[in-house]
Amino acid sequence: MGLEIKFNDLSKEILSKIQENIDAANEAVGLAAEAHVKEATPVRTPESTSIKNYHGGALRKSITHKVVDGTVFVGTNLRVTNNGKSVSYPIFVEFGTGIYADGGKGRKSPWVWKDKNGKYHFTRGIKPHHFLKNTISKAENIKEYKEIYENQLKKI
């Protein structure tokens, strides 16, 4: 009577399950990061803009996430029309404009602009609101993302 050993190779199934859980964790982290960024995104009002009938919130509503090849991206591709040109508005909110722009890279002289109601406004720019950078790198959020990965991988 000889000893018989049977070996079942389950490595493909195990690797597949690991990848499923990583994908689920990436999606969960994307949703969590998206929520945190939306919470930190400034919303302007008729009072803050001095523009009658101003409806803010487009930037906040445009925040989304996407997982590509295992990398989680959070952001927006919101563009607005300014003097007939399509411009990427979020970058101006994140990094500021004019004399307030990060790194002193903004316009140095004040300017006047006209709103949709025909009212003129004088400005030297806007201060940066790091709604993306500061939120994504916030220690408590990183801790949350780590916990999401740990909990998802424990399910294997």
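Visitor: What makes the residues around the largest pocket its lining, and which lie nearest its centre?

Guide: The lining of the largest pocket has 33 residues, and Arg 44, Val 80, Asn 82, Tyr 89 and Trp 113 lie nearest the centre. On a 1 Å grid over the protein atoms alone, a pocket is an open set of points where a 1.4 Å probe fits, with protein on both sides within 12 Å along at least five of seven lines; a residue counts as lining because it has an atom within 4 Å of a point. The model is predicted: local features need pLDDT of at least 70 and side-chain atom pairs 80 or more, while totals for chains, interfaces and linings use all residues. Residues are numbered from 1 along each chain as its sequence is written, and side-chain values use heavy atoms, without hydrogens and water.

Visitor: Which element supplies the largest share of that lining?

Guide: Strand 5 does, with 4 residues. Strands are DSSP runs of E of at least two residues, helices runs of H or I of at least four, both numbered from the N terminus.

Visitor: Why is Glu 34 called buried?

Guide: Buried means under 20% relative accessible area, exposed over 50%, and partly exposed in between (1.4 Å probe, protein chains only). Glu 34 has 12%, so it is buried. Lys 38, at 25%, is therefore partly exposed.

Visitor: What makes Glu 34 and Lys 38 a salt bridge?

Guide: The rule asks for a side-chain nitrogen of Lys or Arg within 4 Å of a carboxyl oxygen of Asp or Glu. The closest N and O atoms of Glu 34 and Lys 38 are 3.2 Å apart, which makes the pair a salt bridge. Both residues lie in helix 1, 4 residues apart, about one turn of the helix.

Visitor: How many salt bridges does this rule give?

Guide: The count is 3. Among them is Glu 150 with Lys 146, whose closest N and O atoms are 4.0 Å apart. Glu 150 has 38% relative accessibility, so it counts as partly exposed, whereas Lys 146, at 52%, is exposed.
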